Structures are given as C-alpha cells and as structure tokens.
Amino acid sequence: MLIDGTHYRSIWLAEDGQTVQIIDQRKLPFAVEIETIRGWKEMVIAIRDMHLRGAPLIGAAAGYGVYLACLELAAGSHDGFDVGLEGAMAELDAARPTAVNLRWALERQRAALRGADSREEKVVVAREQADAIAEEDVAVCAELGRHGADLLSGIAARNPGRTINVLTHCNAGWLATVDHGTVTAVIYEASRRGLPLHVWVDETRPRNQGALTSWELTHNGVANTVVCDNAGGHLMQHGKVDLVLVGTDRTARNGDVANKIGTYLKALSAMDNEVPFYVALPSSTFDPSMERGVGAIPIEERNADEVLEVRGYDGERESRVRLYADGTAAANYAFDVTPARLVTGYVTERGVFDAHHLAEGLRGANRG
Ligand code: MRU
C-alpha cells in the first residue's frame with residue numbers, strides 16, 4: 001500500500017538475496033525506517049520485540065527466518081545443518097505464542113525442506129517457500145478484501161447516501177500482513193468501489209497499534225477518527241457504528257477468536273447494541289487443530305512496563321514517560337478470546353461464513 005504515494009510492502013527480500021528488509025514498526029508513525037535483518041537470530045528479535053507484528057506478517061517473517069537460517073548453516077561447517085535448523089525453528093516458534101501463522105509458516109517450511117537433499121537445495125527450497133508464503137498472503141488478503149467489500153456494499157445499499165461507519169481494534173492493516181491487510185483490505189476495496197466510509201480506530205493500549213491503523217488509512221485516503229479504547233460501547237449505543245470488523249491472531253475450529261486485548265469487550269458491546277461483529281480471517285490464521293479457543297489458545301503476556309509507561313514523540317525525539325508510581329504492579333495480557341457466539345461472521349478468502357460453516361468452508365485452504 002502507499003506511504004506518501006509510494007508503494008511499499010511490509011517485508012521483502014533485499015536485492016542481495018541474503019538479507020530481509022522490513023519497515024521497523026516501532027518507529028511509526030513518526031518515522032519510516034527500513035531495517036535490514038541479517039540473520040535468523042535478528043529475525044527472532046524482530047518478531048519478539050515487535051519491530052514487525054500482526055499475525056500474517058509474523059508468519060511471513062518466520063518463513064524468511066528459516067531461509068536466513070538455511071543460508072547461515074549452509075555457509076558453516078559441514079556438520080549439524082539439520083540440528084542447527086531445528087534449533088533456529090524452535091527459537092523462531094517461541095518468539096510469540098498467540099499468532100498461529102508463526103507455527104503454520106514453520107510447518108510449511110519443514111514440509112517443503114523434507115523434499116530437499118543437499119544443503120544447497122535446502123537453501124533454494126527455503127527461499128522459494130518463504131517467497132510463496134509472502135506472495136500467497138498478498139493474494140489471500142486481496143481476495144478477502146473483495147468478499148468483505150461485498151458485505152459493506154450491502155450495508156451501503158440499505159442506507160443510500162449515508163456514510164458507513166466501521167469500528168476496528170488494533171492494526172489488521174497492510175502493516176500487519178505483507179500487503180493490503182485483512183480488515184483494511186476490506187476497507188480499501190470498499191473505498192475503491194466509491195462507498196462513503198469512515199473508520200473509528202481504537203487506540204489499542206498499551207502498544208497503540210491504532211496509531212498504525214490511523215496512519216496507514218490516512219496515507220491511503222480513508223477518513224478515520226481515533227478513539228480511546230473505552231469509547232466503542234458509547235459509539236455503538238448511539239448508532240454511530242454500522243459494523244465492527246477486527247483481525248485475529250488465531251481462530252479455533254469452533255470459531256472462537258483470539259485477537260488483541262479488548263476485542264472481547266467490543267464484541268459484547270456489539271451484541272448488546274445489535275451491531276454486526278465480523279472477523280477478517282485469512283485461512284493461515286485458522287487453527288483447525290484447536291477445537292475451541294477459550295482457555296486453550298495461548299495468550300501472550302508481555303512486559304508490564306508496556307502498561308506502566310507511554311511511548312511518544314515530544315516533537316524532537318521519541319521518548320518514554322512513566323505513568324505510575326514506582327513499584328506499581330501491572331499485568332499485560334496481549335490478547336483475549338472472543339467466543340464464537342458473539343461473532344456474526346468470518347470474512348475469509350473463500351467467502352463469508354458463520355461459525356457453523358467456517359471449518360467446512362476453509363477445509364484444505366491453509367496447508368499451502
Ligand atoms: O500484538 P500485535 O500487534 O502483533 O497484534 C496484532 C493483532 O492483534 C491483529 O489484530 C491480528 O494479528 C490480525 S493482523 C491482520
């Protein structure tokens with residue numbers, strides 16, 4: 001998508017073919033900085049410390065992490081390629097626990113590498129597989145966007161001449177995928193079709209991914225307004241939201257949805273106010289091995305300092321400010337699980353499904 005009129009992806013293989021480049025999302029929205037990832041260990045750090053983030057992008061990054069590991073191991077001594085690769089995969093896998101795309105991408109790499117004999121062949125296969133994961137993500141998001149835009153077109157047709165208000169939480173934008181986004185693919189496609197749209201953007205404490213969403217929507221010409229995380233209930237109660245559309249980090253077989261902390265409260269409020277609540281779900285984020293999500297999907301707990309501090313820009317530089325007295329106890333649950341009963345539908349690359357038809361609709365879709 002566009003930054004100041006120039007097209008970017010969130011991750012790509014550098015021209016040298018030996019390193020990977022990403023947009024360092026810690027610097028956004030104040031600066032667009034490209035970071036070069038020079039090895040698999042740097043990729044682990046980039047995923048863990050959120051230089052990049054968002055489930056599909058984490059998957060693509062893991063795919064390239066395996067390629068970087070193969071490159072490094074192929075250049076090393078002749079022993080221990082396979083053991084070294086398993087070690088690298090285990091560290092990549094442990095970088096963040098909730099987004100299933102990470103494990104999915106590693107499984108894809110593992111399956112593809114089984115068919116390669118020599119180290120040279122493994123390097124080639126790992127690169128092809130990483131590129132394929134990234135390219136497929138772009139295609140899947142574009143297709144998902146078309147199905148979701150049909151949904152918005154329906155709402156617009158029932159409300160002629162009125163702006164359609166979508167509320168979203170966190171960043172399920174192009175920055176969270178390789179391109180287009182999941183939630184934003186729907187919004188960009190609807191906007192291309194000329195639908196009058198406005199997006200309410202939850203700020204999404206403590207990491208403020210709403211700043212990313214607002215920034216990317218603005219760069220791509222979509223009207224949006226940031227609200228604090230607690231505003232959604234009020235907006236829905238007063239008829240200011242036509243549809244809630246959120247992303248997901250892992251959706252279980254029964255349709256339970258793990259997404260950024262606070263999503264569950266939005267779903268409860270949507271149910272109480274009869275506002276449709278949809279989830280944008282690329283099949284790579286569907287976990288058919290997990291029967292249900294509540295109590296089963298691993299929920300990442302991050303450093304409490306993310307809650308105790310705010311990060312911002314003081315006009316000259318980025319700075320951190322403490323909000324609480326020294327010694328204050330804080331907990332930082334990064335995700336929650338919204339039960340399937342609160343979800344109106346799932347927008348996927350294969351169409352829009354309700355929870356009862358989701359597993360069947362996505363059968364065989366995400367095994368690459
Ligand atoms: O902690 P983050 O920023 O990686 O969390 C991201 C989200 O919760 C997104 O909503 C989700 O990954 C879907 S991205 C298309």
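In which sense do strands β6 and β9 pair, and over how many bridges? Strand β6 (residues 164–168) runs parallel to strand β9 (residues 243–246), and 2 bridges link them. This is a predicted model.

## The seven-stranded sheet

The β6–β9 pair belongs to an open sheet of 7 strands. The order is β8-β7-β6-β9-β12-β17-β18, with mixed pairing. Strands β8 (224–227) and β18 (351–353) sit at the edges, each pairing on one side only. From one strand to the next, the twist averages 25°.

## The three-stranded sheet

A second open sheet has 3 strands in the order β3-β4-β5. Here the pairing is antiparallel. Strands β3 (11–13) and β5 (34–37) are the edges. Each has a single partner strand, so one side of each lacks a neighbour in the sheet. On average, neighbouring strands are turned by 25° against each other, direction ignored.

Strand β3 pairs with strand β4 (residues 20–23) over 3 bridges. Within that pair, Ile 11 stands opposite Ile 22 in β4. Helix α2 (residues 55–75) packs on the sheet and touches β3, β4 and β5. Its direction makes about 20° with that of β3.

## The ligand site

The ligand is surrounded by 19 residues. The closest are Arg 53, Arg 96, Gln 209, Asn 259 and Lys 260. Gly 54 places a backbone N or O atom 3.0 Å from a ligand oxygen. For Ala 55, a backbone N or O atom lies 2.9 Å from an oxygen atom of the ligand. Asp 249 uses its side chain instead: a polar atom there lies 2.8 Å from a ligand oxygen. How much of the ligand does the protein bury? Taken alone, the ligand exposes 420 Å², and the protein buries 100% of that.

## Thr 248

Thr 248 lies in the loop between β9 and β10 (250–252). Is Thr 248 buried or exposed? Its relative accessible area is 7%, under the 20% cut-off, so Thr 248 counts as buried.

The side chain of Thr 248 reaches the backbone oxygen of Ala 258 at 3.0 Å. Beyond its neighbours within four places in sequence, Thr 248 contacts several residues, among them Ala 55, Asn 259 and Val 279. Ala 55 also has a backbone atom at the ligand, and Asn 259 is one of the closest residues to the ligand.

## Backbone exceptions

Most residues other than glycine have a negative phi, and most peptide bonds are trans. Two prolines follow cis bonds here. The Leu 28 to Pro 29 bond is cis, with omega near 5°; Pro 29 sits in the loop between β4 and β5. Arg 205 and Pro 206 are joined by a cis bond with omega about 5°. Pro 206 is in the loop between β7 and α7.

Asn 208 lies in the loop between β7 and α7 too. Its phi is positive, about 55°, although Asn 208 is not a glycine. Asn 208 is partly exposed, with a relative accessible area of 25%. His 180, in the loop between β6 and α6 (183–192), has a positive phi near 70°.

Definitions and conventions. Residues numbered from 1 in each chain as written. Predicted model: local features only at pLDDT ≥ 70, side-chain atom pairs only at ≥ 80, totals over all residues. Heavy atoms only, no water. Pairing = 2+ DSSP bridges. Helix = DSSP H or I, 4+ residues; strand = E, 2+ residues; numbered from the N terminus. Axes fitted to C-alpha atoms, helices over the stretch in contact; angles between N-to-C directions. Buried < 20%, exposed > 50% of the residue type's maximum accessible area, 1.4 Å probe, protein only. Polar contact = N/O pair within 3.5 Å; in protein donor to acceptor, adjacent residues only side chain to side chain. Contact = heavy atoms within 4.5 Å. Near = heavy atom within 4 Å. Areas by Shrake-Rupley, 256 points an atom, 1.4 Å probe, with all protein chains shown as cover.
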